[in-house]
Amino acid sequence: MEDLLILAIGAGAASALVAAVLMFFTLRPRHRDRLQSGTPETVLLFRNGEVVDYTPDAKELFDRTILTGMGWEEVRESLIAGFPDLPEEPPSRASTWTSPLVENAQLLLEPSANRLHLRLRCTPDGAASLFRAKCHNDEYRRLAELSRNAPDALWQTDNDGNLLWCNEAYQELCSENGRSSEGQCLINMDLPAKRVERTTRISVKSEGQVQRWFEVVSRPVEEGWVHYATSIDSLVNAEMAQRNFVQTLTKTFAHLPIGLAVFDRDRQLVLFNPALVDLTHLPVDFLSAKPNLLSFFDHMRENRMMPEPKNYASWRDKLYDVVSAAREDRYCETWNLPSGLTYKITGRPHPDGAVAFLIEDISAEISLTRRFRSELELTQSVLDGFDDAVAVFSRLGVLTFSNAAYRAQWKCDPDSAFAEITIVDATKDWQNECKPSPIWADLREFVLTLRERQRWQAELTRDSGERLLCMVQPVAAGATLVRFTPIQDASLPDLAEEEPPAVTRSQAIG
């Protein structure tokens, strides 16, 4: 009897188990259809302020593999872009938010004791929207990574200048200056009234920090402005160094008596000194306006500070040849002005295609040269008026002056000689046309000696029988004058009464 009872209980249990399995597989498709027909949900369960459980698709929402342990701040930071009204602290009662960005998206919060259910609902937009979102997901991640790790600071503000988003470089810049990366923008600048792109150069400096310079490109977008800051510290430092260098040059050039005009590669005047104003009589305001090369020379012509060319139109065309010559460092001219002044114009090349013109007043030098040349011509004419042959040798023994009588007597023309005529060459010519005499070596040594000397004289006889009195006399600057005077026949008896002086080496040197 007991065995039959046990068999009956076992058969009943088996029947119940089969019925339960059949019911499960019968009802499961209906439950799946209900879930598929309903709105999909992404659920997070908080306990004591931390995530303890979540649906598998939440990993895609937060782009993390493990969500356990996340707090409300991290969840809010990821969802605030779609739900900007989320509070900083979890609500104490059930709340619902809709997204202004994603249509039909809802966020539901259900607090209960120490637990909190977060449900994200979104009605599907169809296969096309889902497919496109999946395709754009990789591109979004790539762009987000590029903007976040960009070496330059990037940030977005609204039309009132409030910060909406920034990358890591901007956050580092804020931390270096002791500022927060939230709220008002670190780099304050006035946005243009018109929504057009604008480039602004700004500086950022805090206490104890070195001043940094940035070039910020601001571009309008639908929700405000996007700003791109590029560091230009090296550029600003180079500009400051260049400015200081130009100021130093300007101070140096200000004391030069030579006029300086520097034209850049576009032939605009970029630098001039006060001497240029004095020499050209051009107005300072005209020079400060950076005239071009043609205007500069036009005004000089109007002020009669340059020679009047025969054809000024063709001369202006030749100015390009002048610039080319100056760039090759081969332009140099002398201008004789109507006022009697004389200017020397020199062109010099400068880096980066610039050209510098130097204007120098050489009137005094020209006057001195002309006076010196006049004195030389006068001296030469005086010497040519002598009947005696006269030659002057420098302290180095080079023939520097000779008169017409000398050139005729000794058949010598120093002007047509290829090389300088020295005392050695001259004494050889004299010795060849005269009878033997012991004075030649003494004469050469007398001309080349640097000690104090005394004048002396000696008699020579030419091969033709003509008798000459050779007088040697020291003159200024260590030079020596040699004079040959013919001895007249009337004086022969007087000279015969006296013995000719014996000139020794010691007497010649004195």
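A residue is called buried here when its relative accessible area is under 20%, exposed when it is over 50%, and partly exposed in between; with a relative accessible area of 39%, Phe386 is therefore partly exposed. The legends below describe views of a predicted model.

**View 1. Overview of the predicted protein, with its helices, strands and accessible surface.** The protein contains 16 helices and 20 strands, and buried residues account for 33% of its 510 residues. Of the contacts between residues at least 6 apart in sequence, 38% join residues that are at least 24 apart. The protein exposes about 32,800 Å², and 53% of this area is supplied by carbon and sulfur atoms.

**View 2. The aromatic pair formed by Phe263 and Phe357.** The count of aromatic pairs comes to 15, and one of them is the edge-to-face pair of Phe263 and Phe357, with 6.1 Å from centre to centre and 80° between the planes. Because Phe263 lies in strand 11 (residues 259-263) and Phe357 in strand 15 (residues 355-361), the pair ties together parts that are 94 residues apart in sequence. Phe263 counts as buried at 1% relative accessibility, and Phe357 likewise counts as buried, at 3% relative accessibility.

View 3. Phe297 is buried, its relative accessible area being 3%.

**View 4. Two arginine side chains placed over aromatic rings.** Arg195 lies over the face of Trp225, at 5.4 Å from the ring centre. In another such arrangement, the charged end of Arg453 sits over the ring of Phe446, at 4.9 Å from the centre of that ring.

**View 5. A nonpolar surface patch that includes Phe386.** Leu378, Val382 and Phe386 make a nonpolar surface patch of about 270 Å². Phe386 is found in the loop between helix 11 (363-384) and strand 16 (389-393). The cut-off for membership in a patch is over 30% relative accessible area, and Phe386 has a relative accessible area of 39%.

**View 6. Arg304, a residue other than glycine with a positive phi.** The phi of Arg304 is near 55°, which is a positive value in a residue other than glycine. Arg304 lies in the loop between helix 9 and helix 10 (312-327), and at 55% relative accessibility this arginine counts as exposed.

View 7. The phi of Ala477 is near 60°, a positive value in a residue that is not glycine. Ala477 lies in the loop between strand 19 (467-474) and strand 20 (480-486), and with a relative accessible area of 66% Ala477 is exposed.

Conventions:
Residues are numbered from 1 along each chain as its sequence is written. This is a predicted model: local features need pLDDT of at least 70, side-chain atom pairs count only at pLDDT 80 or more; totals for chains, interfaces and linings use all residues. Side-chain values use heavy atoms; hydrogens and water are left out. Rings of Phe, Tyr and Trp (its six-membered ring) pair if their centres lie within 6.5 Å; planes under 30 degrees apart count as stacked, over 60 as edge-to-face and the rest as tilted. Helices (H or I, at least four residues) and strands (E, at least two) are DSSP runs, numbered from the N terminus. Buried means under 20% relative accessible area, exposed over 50%, partly exposed in between (1.4 Å probe, protein chains only). A charge sits over a ring if NZ of Lys or CZ of Arg is within 6 Å of the ring centre and within 35 degrees of the ring normal. Patches are made of residues with over 30% relative accessible area and no salt bridge: like charges are joined within 9 Å, nonpolar side chains (Val, Leu, Ile, Met, Phe, Trp, Tyr) within 5 Å. Accessible areas come from the Shrake-Rupley method with a 1.4 Å probe; for residues, only the protein chains shown count as cover. A salt bridge is a side-chain nitrogen of Lys or Arg within 4 Å of a carboxyl oxygen of Asp or Glu. Contact means heavy atoms within 4.5 Å.
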